[in-house]
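Dear colleague,

I am passing on the structure we spoke about. Please look through it below; my notes on what was found follow.

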Amino acid sequence: MSGAFTKSMARNIFYGGTVFFFLLFLALSFDTHSQLPKRDMRANITPQIAEGKKLWEVNNCIGCHTLMGEGAYFAPELMNVVVRYGDEGTKAFIQARPKEGIPGRRSMPQFNFTDEQLDAIVAFLKHVNSINAANWPPNDQG
Amino acid sequence: MQYQSQAVAKPYFIAAIGLFVGQILFGLILGAQYVLGDFLFPEIPFNVARMVHTNLLIVWLLFGFMGGAYYMIPEEAETELASPKLALAMFWIFLVAGAATIVGYLAVPYATLAELTGNNLVETMGREFLEQPLPTKVGIVVVALAFLFNITLTVLKGKKTAIATVLLIGLWGLAVFFLFAFYNPVNIVIDKFFWWWTVHLWVEGVWELILGSFLAFVLIKTTGVDREVIEKWLYVIVTLTLITGIIGTGHHYYWIGTPEYWQWWGSIFSALEPIPFFAMTVFAFAMVNRRRREHPNKVAVLWALGTGVMAFLGAGVWGFLHTLAPVNFYTHGTQITAAHGHMAFYGAYVMVVLMMISYAMPILRGRAANSNKSQVLEMWAFWLMTVAMVFITLFLTAAGILQVWLQRASDAPLPFMVAQDKIALFYWMREWSGVVFLIGLILYILSFFVEDKEEKAA
């Protein structure tokens, strides 16, 4: 760290390196976005799926669950929950949560969703499950 | 202190410590809920406690960053802060907004909070770490801009050191990348893609510049090593940070619908991310070894060395542990991530803010360093909190390995909750480590109130 290598050389490498790698990152991001339509199934997004995503967000589902592996690790992965429970099973599970929880167990709140809202949530989860996520999750258990 | 306006840092530091206590208490609630599932249910469900825990962390670190910057910038620029009044006004705005947000989380169901705070106008809520209601997010932007305006102006009218420049780049980056918190497209893949531009480019990008800058500042002050040497190190470290960390974002793009080539880019570049942290550790130890003076504030030096080591372990080693795509395929979204997150945040950001407070607070209170007695108590707090965090991380890692095995890798994978029940022992041990952490934190706070009788008599 001494001799020929000066502070101003270090500074120049910092600026040059940062700009170069940020531009490379932008280029990769740009390429990613050109490839995404084939992978993210955007053509299938309906108003119902959009509504489902909103319900997912405003009830802070990610505060306990993971979705595509991201979120909290307190409750199961939901990307493939429809594979585990099926559409009707998923809806029935959400509907059946006791208001006061299950004694001694991790409990999911009772959200009092309407049937339309439950349909929207399941439509959203099925949409997420249809995304090409490089074969993740490893198995049906999520 | 050298400049009167540095005094505005004090309320920022006090608020940071106060919110830190709240964060830890909610951490203990969360830890308890892992093993006593219905603890505080339905009054404080897990998701609410978790939002409080993570949001308090972010907010108190931001208080620490701002306080640290307000303390450091006048000394670096060798001029008074542009507007101490603005800094104080922003302090109150940020504190009230932060407190109101936490009360909102606890007082009403999240969906109601979203309804009440205009989430229908711009839908930004309900995404991990960015759960804040719209007014809070706007408040963060306003406070950040006023803060940046204040310190940028100070630097412009004063000396422009490398340390101040790196800090400014870090803080401006923080503000710019937060803007992605307002972008929430209906396409979840794009949503997740840009969500990481805030989350990853903060903690594995620009925040490390803030960390490096604070560390360099305190090392100059406490070791008396030549500024030229320290600033050269700083440039090398932040270069390594950004050339590995920016493309390293790719390690979040393995399984969210993005193209498979990210598995290569992400694995290779994020495998290099430990290097800047290792350099930081070597830097801290080398500077302390080469010290030209014995600074009376020994505990600040301890925090400086500690943050180097713990950031390297937590962010570097524990990050590397699960960053390669073939490994991450199995560990993604398990307790391994939680283990890494805890030690990385503690080692890199909690400890650097506590280092800054440890160095600056005595000076703000009119002395070069605290009494010996107070420093010894703070060192106890350092070791209790740090060792407790090491054990929290080890227990979560053990839980994570078992979770991966039981739920994902074995021949007969178990359902999530069945696997969770089998690893409860490790969650219990994590919770008790958390209690030790809290004891360390209590000692830390007590260290501010220790009076030295001899000093007083003299």
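This is a predicted model. In chain A, helix H2 (residues 47-58) packs on helix H4 (residues 115-130) at an angle of about 95°, and the two axes are 7 Å apart. An angle from 65 to 115 degrees counts as roughly perpendicular, so H2(A) is roughly perpendicular to H4(A). On the side of H2(A), the contact is made by A:Gln48, A:Ile49, A:Glu51, A:Gly52, A:Lys53, A:Leu55 and A:Trp56. H4(A) contributes A:Gln117, A:Asp119, A:Ala120, A:Ile121, A:Ala123, A:Phe124 and A:His127. Seven of the residues in this contact are nonpolar, four are polar and three are charged.

Next, the contact between the chains. It takes 61 residues from chain A and 60 residues from chain B. Several helices of chain B supply at least two residues each to the side that touches chain A, among them H2 (46-77), H7 (188-223), H13 (335-364) and H14 (372-409). H8(B) gives the most to that side, with twelve residues. The side of chain B that touches chain A divides into 33 nonpolar, 15 polar and twelve charged residues.

Last, the nonpolar cores. The largest has 187 residues, and those touching the most other members are B:Tyr70, B:Leu215, B:Val218, B:Leu234, B:Val352 and B:Met355. H7(B) provides the largest share of this core, 23 residues. Leaving aside residues up to four places away in sequence, B:Val218 touches B:Ala300, B:Ala304, B:Met355, B:Met356 and B:Tyr359. There is also a second, separate core of five residues, including B:Tyr110, B:Leu113, B:Ala114 and B:Met125.

Regards

Technical notes: Residues are numbered from 1 along each chain as its sequence is written. Chains are lettered from A and ligands numbered from 1 in the order in which they are written. This is a predicted model: local features need pLDDT of at least 70, side-chain atom pairs count only at pLDDT 80 or more; totals for chains, interfaces and linings use all residues. Axes are lines fitted to C-alpha atoms, for helices over the stretch in contact, and angles run from 0 to 180 degrees between N-to-C directions. Helices (H or I, at least four residues) and strands (E, at least two) are DSSP runs, numbered from the N terminus. Angles under 35 degrees count as roughly parallel, over 145 as roughly antiparallel, 65 to 115 as roughly perpendicular and the rest as oblique. Two residues are in contact if their C-beta atoms, placed from the backbone, lie within 7 Å. Ala, Val, Leu, Ile, Met, Phe, Trp, Tyr, Cys and Pro count as nonpolar, Asp, Glu, Lys and Arg as charged, and the others, Gly among them, as polar. A nonpolar core is a set of buried Ala, Val, Leu, Ile, Met, Phe, Trp, Tyr and Cys residues joined through C-beta atoms within 7 Å. A residue is buried if 20 or more other C-beta atoms lie within 10 Å of its own, exposed if 12 or fewer, and partly exposed in between; C-beta atoms are placed from the backbone.
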